[in-house]
Amino acid sequence: MRETDRLPPASVPSNRNKAQSLPRIRSDRKRSGNLLMNISIGTRLTLSFMICALIAAIVTGTIGFQHAQSLNKQSDFYLNLLQSDTNLTTGAQFIQEITSVTQNILVVGNTPQSSQETLHNNLNSLQNLDNLYSGTLTSFVNGQLVSKHPDEQALLDEANHGQQIHQQETLAASALRTWHVAHAALGQFMGDITAGHFDTAGTLQQALLEPANADALTALRSLVNFNKRLANSVKDAADVEAFNQLITTIISSVIAFLAILFIGWLISGTLVRRLLSLRQVTQAVEHGNLAKRVKVIGRDEIADVSASVNAMLNAIVNLVDESRNQHDALMNAADHLFSEMRVVSAGDLRVNAPVSNDPIGLLANAFNFTIGRFRRFVLRSKTLSEQLYVIARREAERAEAFSLALQSIQPNSDSQSLAASISRLSPSTPQEKHNAQSQPQPSNTQVVAHLYHIREQLREISQEGILNHTQAAGELYDQSTQMLNRLNEMAFGKMGISVSANVATMIPTYMQEVRALEALRARMAEEMQCVQINTIRGFQDLDQDLQELYITLSQPASNENVEPVTSIAEQDPHLQDVLRLGATFAYEVTSFSHQLTKLSQEIQNTVVSFQFEGTDTLMNNLSSVSRTS
Amino acid sequence: MIRECRSSHDLQGSFKRTLSSCKSLILGLFVAIFLCSCTGSGGDGTQLSGTIQIDGSTALQPLVAVAATAFEQQNPHVHIEVNGGGSFTGLNDVSSRKVLIGDSDVYASFAAYPNPDMTDHIVCVIPFSVITNPDIQVSSLTHEQLVNIFSSNTLTNWKDVGGPDIPIVPIVRPATSGTRDTFRKYVLGGRDEGSSNQVLQTDSSATVRDAVARTPGAIGYLALSAIDSSVRQLAIDGKYATKDSIIAGTYTFWGYEHMYTLGDENPIVSAFLDFMLSPTAQELAVQKSYIPIRDMPLPQVALTRATDGSRSPSVA
């Protein structure tokens, strides 16, 4: 019964908590807008490092590619320049050769016996040189100009030397123009020579061909020089390229660094910030604030931990609330019990504390039970003491009367005093004594009868009155002992299940009081036994004496006819003994009744003091305990 | 990254506080890097200062003068002295290092100026034109007629070429003139000028113009940049000196304008020569009736020759 009472309150909240907390964990987990939060930390770190490695690889690759490309462009450019330079230098030699050949032709032609074969050979070589130079220039203009090579153009543009492309074109155009004039003059010259007009040819050579050739040569040299300058420009371009590469490298490095930094910040942000908020919550819990909750974002480990912490905190808050409610209920019940106890301490034992299902309720139940038992015990004790008191009074009265009777007999004659004492002992006996004195025979039988009657009465008293009552007291003692045992059991059992410390501390004091009560009652039972023994012994003595008296009386009564006077005479020492014994007995009875009265009063006092003082001390103890709790 | 994490752990408070400023800092860093890279390749911050002297061709002088003014405005610490004197004066002065740049209408012949550092910078094309006194109503002459007028002096009266009965007075320039050299080379076909020509003493386009304008029946030649309404332009073979006719190759009386230097180590000279090719200066050239060099295409010449030895059309 106790087990089943105790278990449900403990198990029901845990079940309810489990049922509530599980779906709540799920519902608290929001899907984050940030996809990163939904990836586990390990994957995230791997991903970030892969991205970083990728960035680094891209940067390195870009720089390497750029470098290779620029190297390629430069080498192409230099190759092209070298080739055109060689061609144009050869072209310059052609022009110089043309000049010398024309002079040679004129020299040959002006000699009186000119060799037609030499002239013809010279003309052929002139024609050949003309064609060669024309071919060289044409191929240069058509193929080797920078403007025909977009890569080289781009390289020069990068080096901010873009206008040199057009400058080269201009110089090429000027070379073409001058060569055009020279070419035309050369054609005219060859025509004149072929026609045999050496004079005209000579004039033409001096006036036009030579200056034209010089111009062509100058223009060509300008072009060649310019090409050399282009090489410098390419070097500049290469420098610029290198600078650009440096800048690119620096920028790329910075960007890569920043990107890695940013990714690191992003990743650490997804970790650190949420860990910090988690830490804030746990710190708040450390400081006693249970109201804070972690914002659960994402689906990773931190989100798991955050959700678990939230669930845990919810469970803790529920538990705290529940224990607080229980504590309040217990305190209320305890207060109520204390007020009930105060009523009891005020002397009213008819209280019935309200019984509920909690430990205090059980305590109240026990308290009610104990109070009930105690009340019955007190009532029975009271009745018993009253009865005892009545009996004692009666016995005291009787003993007094008996002793008076005995005293009245003693100063007079022995027989008369005995008769008087007997007659005073009971209203009928004095007459009987008188009758016995006047009519010895009938009076003796009457005395015997009366004595027998007294003996019967005393036996009745000893049997029905004291014996029964002492037996009842003994039973009562047994009952109270049993009750105390039960109370002990209950109290100890209750201590085992008690959840409240103050209740636990209250119980021992209560137990102490109950033990004191038990000791008191044991003493009382002892006294009662003593009384019983004494009374029984007294009554037995009395009975013996009375029996003796009866025998002695009955013997004279039976032998009355034989020797009546002697019997009385002989009876005289016996009477003396009886009187002495009767006085002693009366004294004993009186003292016994006094003792009995004292005892009953003591019992009453004890009960009353127990009612007031004992409960007061108990109540004081309990209230002090409750105050400290 | 690990260190970053740790530091962010340690300095979390300040880290959070400075997070926004960090972002702007990173952004600013980017901008600064880009600006640095742009300006690094964009130009040198050094201010040019100094003086350069230029003389030579009077045909090119007007363009060089305005370009120098513009350049001086761009570079306040640079002073450019521009003088005339004729193409050969310019070539002589530059080869003897009297000036840093010598303007010339003609090529500096390697035989005459053997310094290998003589560097040719062609800055524009100058069209020339034959001019007459405004009283002469002849609009066009052929090459042959011009040769007869200037070289053989056989053509002496304008009425022979459809003009008024006024004797032809050819006014030519001194031997230092590049214009004269060009005229001789491309119009006269290399022939010497006639002995009866009236040779001016100073080589100046303005002098030629004024002389032609003053002298009745005068004929001369002048750079298009120097021509104004006081003289009358004459077509050659029906072609006037226009950009189109020059590009098409039908008008041959034009020349490249050269600016010769001895090497190009001087930064001011390099900058000024670059400036001469810049769109600003080329626009000035257009205003001064020059043809910008960028408008001149590479001539698509076919240098093949018929083996019969036919003469050049310019001479014929």
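Predicted model: local features only at pLDDT ≥ 70, side-chain atom pairs only at ≥ 80, totals over all residues.
A helix here is a DSSP run of H or I covering at least four residues, and helices are numbered from the N terminus.

α5(B) runs over residues 87–95 of chain B. Just after α5(B) comes B:Arg97, which takes a positive phi of about 60°. How many of the nine residues of α5(B) are buried? Eight are, so the helix is mostly covered, where buried means 20 or more other C-beta atoms within 10 Å. The buried ones are B:Ser87, B:Phe88, B:Thr89, B:Gly90, B:Leu91, B:Asn92, B:Asp93 and B:Val94. The cover over them includes strands β1 (50–56), β2 (78–85), β3 (101–104) and β10 (254–262) of chain B, along with helix α7 (178–186) of that chain.

Now chain B as a whole. It has 11 helices and 11 strands. Of its 316 residues, 42% count as buried. If you take the contacts in chain B between residues at least 6 apart in sequence, 74% of them join residues at least 24 apart.

B:Leu146 is a case to look at. This residue sits in helix α6 of chain B, residues 143–150. Why does B:Leu146 count as buried? Because B:Leu146 has 24 C-beta neighbours inside 10 Å. Beyond its neighbours within four places in sequence, B:Leu146 contacts B:Val130, B:Leu141, B:Val187 and B:Ile236. B:Ile236 is 90 residues away along the chain, yet the two C-alpha atoms are separated by 8.6 Å.

Next, the nonpolar cores. The largest has 128 residues, and the members that touch the most others are A:Ala175, A:Ala185, B:Ile126 and B:Phe128. α6(A) gives this core its largest share, 16 residues. Setting aside sequence neighbours within four places, B:Phe128 has contacts that include B:Thr179, B:Phe183, B:Tyr221, B:Leu224, B:Phe253 and B:Trp254. Another core lies apart from that one; it has 13 residues, among them A:Phe402, A:Leu406, A:Leu542 and A:Leu579.

Two packed helices are described by the angle between their axes and the distance between the axes.

Pair one is α4(A), residues 150–158, against α6(A), residues 198–286; their axes come within 8 Å and cross at roughly 70°. α4(A) is therefore roughly perpendicular to α6(A). The crossing is left-handed. α4(A) supplies A:Leu155, A:Leu156 and A:Glu158, while α6(A) supplies A:Ser233, A:Val234, A:Ala237, A:Val240 and A:Glu241. By class, that contact has five nonpolar residues, one polar and two charged.

Pair two is α2(A), residues 41–110, with α6(A): the axes come within 10 Å and cross at roughly 175°. So α2(A) is roughly antiparallel to α6(A). This contact holds 34 nonpolar, 23 polar and five charged residues.

Sorted by class, the contact of α2(A) with α4(A) has two nonpolar residues, one polar and four charged.

Methods:
Residues numbered from 1 in each chain as written. Chains lettered and ligands numbered in written order. Buried ≥ 20, exposed ≤ 12 C-beta atoms within 10 Å, placed from the backbone. Contact = placed C-beta atoms within 7 Å. Axes fitted to C-alpha atoms, helices over the stretch in contact; angles between N-to-C directions. Parallel < 35°, antiparallel > 145°, perpendicular 65-115°, else oblique. Left-handed = near helix turned anticlockwise from the far one by under 90°. Nonpolar A, V, L, I, M, F, W, Y, C, P; charged D, E, K, R; others polar. Core = buried A, V, L, I, M, F, W, Y, C linked by C-beta atoms within 7 Å.
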